[in-house]
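Hi,

Here is the structure I promised to pass on to you. Please open it first, and then read my notes on its salt bridges below.

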Amino acid sequence: MLLLLCAPVTAHAATLGEVVAQSAIGEPLRVELRLAAGSLAQAGECLRVSPGAASDGPWVVRGRISTTPQDGGRIVISDRTPVSEPVLRLGIENLCGTRFRREYTLLLPFPDTLVPPVSARRSDPVATPARSAAPPPRPAAPPPHDERLQTWTTAPGESLEALAAALYPREADARRAFIAATVRANPELFGDAASRSRALPAGTELRVPDPSRVLAAPPPAARPPAARPPAARPPAAR
């Protein structure tokens, strides 16, 4: 989700574009932004990391800003501290000319493989009993193609639970079935329960089941009518 919180800047000012690369969880922070307009020299001199309100965080609170001419010009924000948050907010402020500020929501991916720390590696030869090498972990396979899945593009502020509530405002079972099917089809977006209520970045491609095929749980079986007591007989005539 990209938010531009100012009036349009002048033609000579550096204009930031979308995020084109970012580091994974557990790695030192590195975010690359496309330079949409302006000069790299001015961008390197005028931009700074500017966190917002703590209630909107967590934020990137510090970072070194550099530039690279790759692909027409990129702005690089880096920090040596490893990142543990799966979602970060990044605010960039321009201090030169017409002041402006731009905010980004970063959805950091999980690392593909885990590398043991340097302290756990041994450089000196030590006799150890032979062991069969365990096969390397296989990357998670993409979900199987399902003809009933559709691809939706999210709008700003939308979450999975908000989509389900809009589709099935009075059908709790259908909402749960829609959320469960969408989580199975998009495991890379919903790694935990909290991610289902968290707003997705605008423009996220989401694989969802056909809403007309999502059925609520069947109603409980109807109970047989209770047996009626026998009708009272009138007293016999004397």
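Let's begin with Arg89, which is buried at a relative accessible area of 14% (buried means under 20% relative accessible area, exposed over 50%, partly exposed in between, with a 1.4 Å probe and protein chains only). This is a predicted model, where local features need pLDDT of at least 70, side-chain atom pairs count only at pLDDT 80 or more, and totals for chains, interfaces and linings use all residues. Residues are numbered from 1 along each chain as its sequence is written, and side-chain values use heavy atoms, leaving out hydrogens and water.

What does Arg89 pair with? Its salt-bridge partner is Glu103, with the closest N and O atoms 2.9 Å apart (a salt bridge is a side-chain nitrogen of Lys or Arg within 4 Å of a carboxyl oxygen of Asp or Glu). The pair links distant parts of the chain, 14 residues apart: Glu103 sits in strand E8 and Arg89 in strand E7 (strands are DSSP runs of at least two residues, numbered from the N terminus). Glu103 is buried too, at 10%.

Side chains of opposite charge can pair when their charged atoms come close. The whole structure holds nine salt bridges. Another one joins Arg74 and Glu32, at 2.5 Å between the closest N and O atoms. Arg74 belongs to strand E6 and Glu32 to strand E3, 42 residues apart. Both are buried: Arg74 has 9% relative accessibility, and Glu32 has 9% as well. Together with Arg30, these two form a network of salt bridges.

Enjoy exploring!

Key: Helices (H or I, at least four residues) and strands (E, at least two) are DSSP runs, numbered from the N terminus.
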